[in-house]
Amino acid sequence: MQYDVIVIGSGPGGYVGAIRCAQLGLKTAVIEKYSTFGGTCLNVGCIPSKALLDSSEHYHNAAHNFDAFGISLKDLKVDMAKMIARKDDVIAQNTAGITFLFKKNKIDSFQGVGSFVDKNTIKITKADGSTEQVTAKNVIIATGSKPTSLPFLPVDKKRIITSTEALNLKEVPKHLIVIGGGVIGLELGSVYARLGSKVSVVEFAKSIIGTMDGGLGKELQRVLKKSLGMEFYLGHKVTGATAKGKTVKVTAEDPKGQEVTLEGDYCIVAVGRTAYSEGLGLENIGITVEERGKKIPVNAHLETAVQGVFAIGDVITGAMLAHKAEDEGVYVAEYIAGQKPHIDYNLIPGVVYTWPEVASVGKTEEQLKEAGVKYKAGSFSFKASGRAKASGDTDGFVKVLADATTDEVLGVHMIGPRAADMIGEATVAMEYRASAEDIARICHAHPTYTEALKEAALAATANRAIHA
């Protein structure tokens, strides 16, 4: 065999898994069909969306909040071309970083579409149609996912668009219609709402960010409506979308079955993502994907039905999160090397990068109730946080859920300033099976946002928050 491991796909799961393989002394190669490494996350997902979120947040603060801080500005304007160029530069820096890491770790890379000839042989089809074959003892499939398409929502990539096109708009929409009230739709909706767009979110479920704790969705909807004027059409079933000239019409049925029509100049279809498993030649080695979601079945060690062929990240079941894929890439590398790695899927945090940010780890209240687990809940509002008052970020709260008998922390849910960073403390505590009182007795620097976590833990311990 030419290699110990071949990784198909260079997104967060693929490139991290490849680097860990190389660190463990395994001769490794990566096959990537695009001209840059990094997959969806670095090129058209996590990184570019955060770049635009930061740009739009700066503008929105300058336009609406700076005056309260004694900073007066006038003649503010949005330079979309410059904003997009900065986003592209951020992407370039990150993808160049992966190229550097591959060279540093002596990982070979091939550009083209990888597909199975047999379980140890991969054919690489290049852009010019030429092919070559490489062999390996083990193969890791890390091909990620793509935006889900619906037959009654034809995407023209001009007016009816996906998240990919939304990252490169040349103008600020007058009225942006977002189909889908999940993470992607709300983040991109926030970008353009901050820049001045009217934003309408149409969601089939009765709440936004439905996979997270119910209280978080309610608070986020309230704040986005208050601060950005976003409109929400919950419990609405989209029935179609058409584009004519510069106008997009979206039709939906409200909860009573009445037809609702929205008109805008752009529409983002953000109804989820589908595993990218086609074109891999899986049928050549006897792997059948799941009918729903096109995901590749794997066992507890992330190995497919074919020995030596593994799959990680968005292409298998579970949360479609970059950091989940990264941990799985490391897991497979260490498993191949004969180690005994472990992933606790209950402790993979989820984050929504709106403002305020939303973050969650562990069980939600809804899950605990459904499982019949007796628990205690403690909450603390950022309205009572000195640091939040100083920065003007008083929306949101932190909620700690703990076992009613043992006091072990079962879930932490927060919406507020820098929640994306704060959730790390909760995850560490839960990895070590901390009790709510453990967190409550840890000295937190003052004034900081993380004091809200301590206060929520105090509230969960014995209803004894100091500042509530």
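# Exercises on a predicted model

A nonpolar surface patch of about 360 Å² is formed by Phe-69, Ile-71, Leu-73 and Leu-76. The structure used in these exercises is a predicted model.

## Exercise 1

Task: State where Phe-69 is found and decide whether Phe-69 is buried, partly exposed or exposed.

Solution.
1. Phe-69 belongs to the loop that runs between helix H3 (46-64) and helix H4 (80-104).
2. The relative accessible area of Phe-69 is 45%.
3. Buried means under 20% and exposed means over 50%, with partly exposed in between.
4. Phe-69 is therefore partly exposed, its value being 45%.

## Exercise 2

Task: Find which residues touch the most other members of the largest nonpolar core, and list the contacts of Phe-102.

Solution.
1. The largest nonpolar core has 50 residues, and those touching the most other members are Ile-6, Phe-102, Phe-116 and Ile-141.
2. Helix H1 (residues 12-23) supplies the largest share of this core, six residues.
3. Leaving out residues up to four places away in sequence, Phe-102 touches Tyr-15, Ala-18, Ile-19, Val-30, Phe-37 and Ile-107.
4. A second core, separate and of 37 residues, has Leu-53, Ala-166, Leu-228 and Phe-232 among its members.
5. As background, nonpolar side chains in soluble globular proteins tend to be buried together.

## Exercise 3

Task: Describe the surroundings of Ala-29.

Solution.
1. Ala-29 lies in strand E2 (residues 28-32).
2. The relative accessible area of Ala-29 is 0%, so Ala-29 is buried.
3. Neighbours within four places in sequence aside, Ala-29 is in contact with Tyr-3, Val-5, Ile-6, Val-7, Ile-107, Asp-108 and Phe-110.
4. For a distance across the model, take Ala-29 and Gly-196: their C-alpha atoms are 46 Å apart, and the two residues are 167 residues apart in sequence.

## Exercise 4

Task: Determine which strands pair with E22, and explain why E22 is described as largely enclosed.

Solution.
1. Strand E19 (residues 357-362) pairs with E22 in the antiparallel sense, over six bridges.
2. In this pairing, Ser-360 stands opposite His-413 of E22.
3. Strand E21 (residues 397-403) also pairs with E22 in the antiparallel sense over six bridges.
4. Here Val-412 in E22 is the bridge partner of Val-400.
5. E21 and E22 form a hairpin with five residues between the strands, where Asp-407 takes a positive phi near 75°.
6. Strand E22 (residues 409-416) has eight of its eight residues buried, so E22 is largely enclosed by the rest of the structure.

Notes. Residues numbered from 1 in each chain as written. Predicted model: local features only at pLDDT ≥ 70, side-chain atom pairs only at ≥ 80, totals over all residues. Heavy atoms only, no water. Patch = residues over 30% accessible without salt bridge, like charges linked within 9 Å, V, L, I, M, F, W, Y side chains within 5 Å. Areas by Shrake-Rupley, 256 points an atom, 1.4 Å probe, with all protein chains shown as cover. Salt bridge = Lys/Arg side-chain N within 4 Å of Asp/Glu carboxyl O. Helix = DSSP H or I, 4+ residues; strand = E, 2+ residues; numbered from the N terminus. Buried < 20%, exposed > 50% of the residue type's maximum accessible area, 1.4 Å probe, protein only. Core = buried A, V, L, I, M, F, W, Y, C linked by side-chain atoms within 4.5 Å. Contact = heavy atoms within 4.5 Å. Pairing = 2+ DSSP bridges.
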